Each structure stands twice: as C-alpha cells, then as structure tokens.
Amino acid sequence: MRIEVTIARTTAMPVGALDALAGELSRRINDSFPERDGAVTVRYAAANNLSVLGGAKEDKERISEILQETWESADDWFITD
C-alpha cells in the first residue's frame with residue numbers, strides 16, 4: 001500500500017514538520033496495518049489531499065482517520081528545538 005499526503009503550499013509549517021509528520025504517520029499506520037508494508041510520503045503541493053494506492057475503500061477511510069488523529073495530536077509528538 002502506498003500513501004501520499006499533500007499539504008497546500010500556503011500552509012505555514014515549521015522546519016522539519018513534513019519529515020516528522022511522515023514518520024509519525026508511518027508509525028501509526030504500521031500499528032494499524034501490520035500485515036501491509038506501507039510507504040508514506042508527505043510533500044507540499046497545490047492543495048491538501050490524501051491518496052491511498054493499493055488499499056481497499058475501508059483502508060482509505062481508516063488512514064484518513066489516522067491522519068486526522070495524527071494532525072490533531074501534533075503537540076504531543078512534534079517537538080521543535
């Protein structure tokens with residue numbers, strides 16, 4: 001399964017946030033889908049979007065929930081120096 005998250009360029013994010021988000025999202029997705037080898041990519045683009053390739057519709061819905069939970073809990077896992 002391949003997962004791609006795009007963030008609108010107009011969204012202000014701290015340095016290192018994209019890599020941190022990709023790492024945390026990968027960890028959470030692998031916890032929920034241990035039988036699947038998932039590659040997670042997070043990058044800037046024209047608009048916010050979630051693409052799930054190689055997964056069922058239910059998988060995309062669950063991954064969307066995981067993304068939402070990860071985004072909302074950024075204060076817990078994203079630490080800036």
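This is a predicted model: local features need pLDDT of at least 70, side-chain atom pairs count only at pLDDT 80 or more; totals for chains, interfaces and linings use all residues.

Visitor: In which strand is Thr6 placed?

Guide: Thr6 belongs to strand β1.

Visitor: Which residues is Thr6 in contact with, leaving aside its neighbours within four places in sequence?

Guide: With those neighbours set aside, Thr6 touches Arg43, Ala45, Ala47, Asn48 and Asn49. Ala47 stands 41 residues from Thr6 along the chain, yet their C-alpha atoms are separated by 6.7 Å.

Visitor: How should I read the pairing of strands?

Guide: Strands of a sheet pair through backbone hydrogen bonds, in either a parallel or an antiparallel sense. In this model, β1 (residues 2-8) pairs with β2 in the parallel sense, over seven bridges. Ala8, for instance, has Ala45 in β2 as its bridge partner.

Visitor: What is the order of the strands in the sheet?

Guide: The order is β2-β1-β3, in an open sheet of three strands with mixed pairing. At the edges are β2 (39-45) and β3 (49-53), each of which pairs on one side only. From one strand to the next, the twist averages 15 degrees.

Visitor: Where do the helices lie?

Guide: Helix α1 (residues 17-32) lies across β1 and β2, at about 150 degrees to β2. Helix α2 (residues 57-72) lies across β1 and β3, at about 140 degrees to β3.

Key
Residues are numbered from 1 along each chain as its sequence is written. Side-chain values use heavy atoms; hydrogens and water are left out. Two strands pair if DSSP finds at least two bridges between them. Helices (H or I, at least four residues) and strands (E, at least two) are DSSP runs, numbered from the N terminus. Axes are lines fitted to C-alpha atoms, for helices over the stretch in contact, and angles run from 0 to 180 degrees between N-to-C directions. Contact means heavy atoms within 4.5 Å.
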